[in-house]
Amino acid sequence: MLHTRLALSFHFILLAAIIFPWQVFSQTLSGRVMNERGQPIPDVLIYIQSDHRHTHSGAGGEYRMPVPDAGDTLVAVHLGYATWSAVCTGQTGMTIIMQSAPLQLEEIEVRPGVDHARLVARIDLETQPVRSAQEILRTVPGLTIGQHAGGGKAEQIFLRGFDVDHGTDVAIDLDGMPVNMVSHAHGQGYADLHFLIPETIDRINYGKGPYRADHGNFATAGHVGFVTRDILEASFVQLEGGSFGTVRAVSGINLVDQLTHNWYVASDMMLSQGPFEAPQRLHRYNIMTKYTAGMGNGGASLSLLASHFRSGWDASGQIPQRAVHHGMITRFGAIDDTEGGSTSRSNALIHHQQPLGDGLTIHNAVFLSRYDFDLYSNFTFFLNDPVHGDQIRQRESRLLYGGRSEVIWQLPGGDVEGYLKGGLGLRHDLSAENALSRSVNRDTEIAVIRSGDINELNVFGYVSGALLAGKLSIHPGIRLDHFRFVYHDKQDPASGRATVGRGVLSPSVRVFFDASPTLQYFFKTGVGFHSNDTRVVVARDGHEVLPRAFGADAGFVIKPGPRLLITTALWYLDLEQEFVYVGDEGIVELSGPTRRLGFDVGARWQPADWLYIHGDINYAHGRSRDAPQGETQIPLAPDWTSTGGVTVRLPSGVFGSFNYRWMDDRPATEDNAIIAEGYVVADATVGYTSDRYTLQVAARNVFNTEWNETQFATTSRLRSETEPVEEIHFTPGAPFGLQARLKVDF
C-alpha cells in the first residue's frame, strides 16, 4: 500500500508540473502543416534554426510557437517528406506545405517529444511487404503471431514474454475503435483483425508497456493502433493468386478527390484452400468506405467510416505429435476435420475535430459495431466423450458501442513546450447468447455447457500532458476506469442477473533526456490492467478481478550516423493475481502473480538511398511468483525472438526484400517437462513498379522449413487409445509457397 501511495503522489506532483509552470508569450506564430493535397500532417517537428526552439504539430496539423525574429529560418522536418524551411519576417501566421519525398532515415531527429516508436513503425510499414491484415501486426518490433484454425480465427499473439492468447494483454484499435472483445465466447480480449483491409492503413501507432493514460484495458504488454487513410494515393485494382488455391482481389476507388473533402471505397475478397489435406475453404469478404470533409478549413474536420466483414472456414485443428509420429496422419492431416467457423463484423465510426482557438482543440469520436461469432473446435478428441467425441461450439452475437471526447491544449512552445490533454469516454458491450456447448460433426448440438447474456460497461476519464524544457521532456498521466459487470445465466434462470461494479486507477510517467543531438535517454513507469471476463467477475463476487500490471522501461535511442537508428530498452512487468475464464471449458481457472523482465534492441539502417536493413532482437525472462519450486515456468511464454530483413528499392522500379522471423524453444508446461519447439522462417519478395503498374512475386517459407506455427501442451485421447496422453498438439506452419500480385493504379 505504501508503494502504491508513493507512486500515486509522485505522478500527481508531475501532473501538476504540467498545469502550472509554463511560460506565457505575448505573441505566437501559429498555423497548420499540410501536405500537397491539403491533408494535415501530425507530429511534425518545427524549430527555429538559430536557437532550436521548437514545437510539434497536433493531430490536425496545427502548431503554435513564439514568433521568430525577422530573418530567422523556420524549419519543419517529418519522415516521408522533404525538409521545409522559410525565412521569417515577423508574421504571426504561417501555413506550412510539405512535399512528399522518398523515405530517408536522415529525416529522423533525436529531439524532445519525438515518438521514435511511431517513426520506426512508419519505416517498417513502408519498407516491409505486408500481404494480409494479420501480418500488419508483425511490423511491430518484438511482436509475433500464429494462426491455428484454418485462417479465419484471430491470431495468437506473443509479446514481451507473454502468450497473449488472442489479445488479453495487448490493446488493439482501429481509428480509436476497440478491436479486443471483452468477455468473448472464446477468450478474454479476443482481437480479430481480419476485417481490416491492409491497403487502407496509413500508419501504425504502438507502444510497449502500460505507460499511456489514453490507453486502458488490455494495454499491459503494449498497445497497437491502426490509422486508416483519409484518401487513397490513387484508385487501384489488385489481383493475387498462388499456392494452396489462394486467390485475392482488392480494389480501392477515390469517389471524391478534392481539397476540402474526400471519399473512397475499398473492397477485399479472399479465397484459400490452405496447405492442409482437408481443404480449409476459407472465404473472406470486406468492404469499407470513408468520407472526410473540412480538412482545409482551419483544422476542423469530420470523417465517417463504415465497413462490413464476413468470413467462413474449415479447419484441421491442433493435431497430436504421436498421431504424426506413428503414421496415423501426416503433418497436414486432421483428427477432426469438421472444425471451423464463421464470423462477421459491421462497423460505423464518426470522428470530429474542431480547433477552439488559443491552442485548444476538441476531438470527438463515436463508434458502433455489430459482431457475430460461431466456432467449432476439438482439442481433446475422445478424452471426455469416447462415443461422440469432444467437439465444442462457441458462439455469441454482440452489439458494441461507445465513444470518446478529448480536449488538447497545446502550449505556445519556445523555452517551454508541451500540451495538456483530458478525455472522457465509455464502451458498452452487449453479448447475447454467449454460449459454450458440445457438438458432433459441426451439425448436431448435444449439450449446452454454459449460456448467458453479458452486459459490460466501461466508463473512463484521463488527464495527461507533456512538459518539454531544454533537453528534458516529462509526460505524466493519470487514468480512472470504472466497470459494471452484469451476467444473466440462462442455465440457472432462478439466479437472476448478477451485477458487480469495480474501478481501477492507473498512473504513468515517461521521461526523456537528450544528452546530445544524436542520443536520447528515456525512463517510463506506470500501472496498467486488463479486465477479466464478466463470468469470472460475478463468480468471484468482484474480488481480485481487475488485476494490475506494474511496469518500467529504461533505455536510449541513438543515431551514430545520419542513416542509422538504434533503439534499446530494459524493462520489467509485474502482474497481480488473476482469475481467468477458460472459454473452451466454461470454467474459472486460477492464475497467480507473474514477473517478467527483459530487453529489446532494434536497428534501422539505410546505407544507400535504395537499401534498407532492419533487425530486432528481444529477450524476456518470465516466472510465476508464488508457484511451487520447479513449476514456475509460464507456459508458451517466449524468451528469445527476433525479426529482421533487407529491402531493396532501385530507381528503375525494381524492388525486392528478404525477411526472417525466429522464436526460440520455450516451455509448454509449468515444470518445463514439455517443450514447444522454436523455428526460423524466411520470406522473400521481388517485383517491379512503374507509375501505374506493380508486379510482385512473393515466396513464403523460402527454405521449406518444417515448423510448428502454434503449439500447446494438451491432454487428449484418440479413439484407439485406452489412456489419455499429454504432449504437444500443434498446427503446422505453411510450407514453401508462391504468391503473385498485379496492381493497376488509375
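Asp-268 forms a salt bridge with Arg-248, and their closest N and O atoms lie 3.1 Å apart. A salt bridge here is a side-chain nitrogen of Lys or Arg within 4 Å of a carboxyl oxygen of Asp or Glu. This pair links distant parts of the chain: Asp-268 belongs to strand β19 (residues 261–272) and Arg-248 to strand β18 (residues 246–257), 20 residues apart. Strands are DSSP runs of E with at least two residues, numbered from the N terminus.

The model is predicted, so local features need pLDDT of at least 70 and side-chain atom pairs count only at pLDDT 80 or more, while totals for chains, interfaces and linings use all residues. Residues are numbered from 1 along each chain as its sequence is written, and side-chain values use heavy atoms, with hydrogens and water left out.

Asp-268 counts as buried because its relative accessible area is 8%, and Arg-248 counts as buried because its value is 4%. Buried means under 20% relative accessible area, exposed means over 50%, and partly exposed lies in between (1.4 Å probe, protein chains only).

Arg-398 and Asp-429 form another salt bridge, with the closest N and O atoms 2.8 Å apart. Here too the pair links distant parts of the chain, with Arg-398 in strand β25 (residues 392–410) and Asp-429 in strand β26 (residues 416–440), 31 residues apart. Both residues, Arg-398 and Asp-429, are buried.

The side chains of Arg-212 and Asp-214 also meet in a salt bridge, at 3.3 Å from N to O. Asp-214 is buried because its relative accessibility is 11%. Elsewhere, salt bridges link Arg-160, Lys-208, Asp-553 and Asp-600 in a network. The count of salt bridges comes to 38.

Next come two paired strands. Of the nine residues in strand β43 (residues 708–716), seven are buried, so the strand is mostly covered. Strand β44 (residues 725–732) pairs with β43 in the antiparallel sense over eight bridges; two strands pair if DSSP finds at least two bridges between them. In this pairing, Phe-712 stands opposite His-729 of β44.

On the surface, Glu-631, Glu-670, Asp-671 and Glu-726 gather in a patch of negative charge. Such a patch is made of residues with over 30% relative accessible area and no salt bridge, with like charges joined within 9 Å. Asp and Glu count as negative, and the place of a charge is taken as CG of Asp or CD of Glu. Asp-671 is found in the loop between β39 (666–667) and β40 (675–676). Asp-671 counts as partly exposed because its relative accessibility is 44%.

How values were computed
Helices (H or I, at least four residues) and strands (E, at least two) are DSSP runs, numbered from the N terminus. Patches are made of residues with over 30% relative accessible area and no salt bridge: like charges are joined within 9 Å, nonpolar side chains (Val, Leu, Ile, Met, Phe, Trp, Tyr) within 5 Å. Accessible areas come from the Shrake-Rupley method with a 1.4 Å probe; for residues, only the protein chains shown count as cover.
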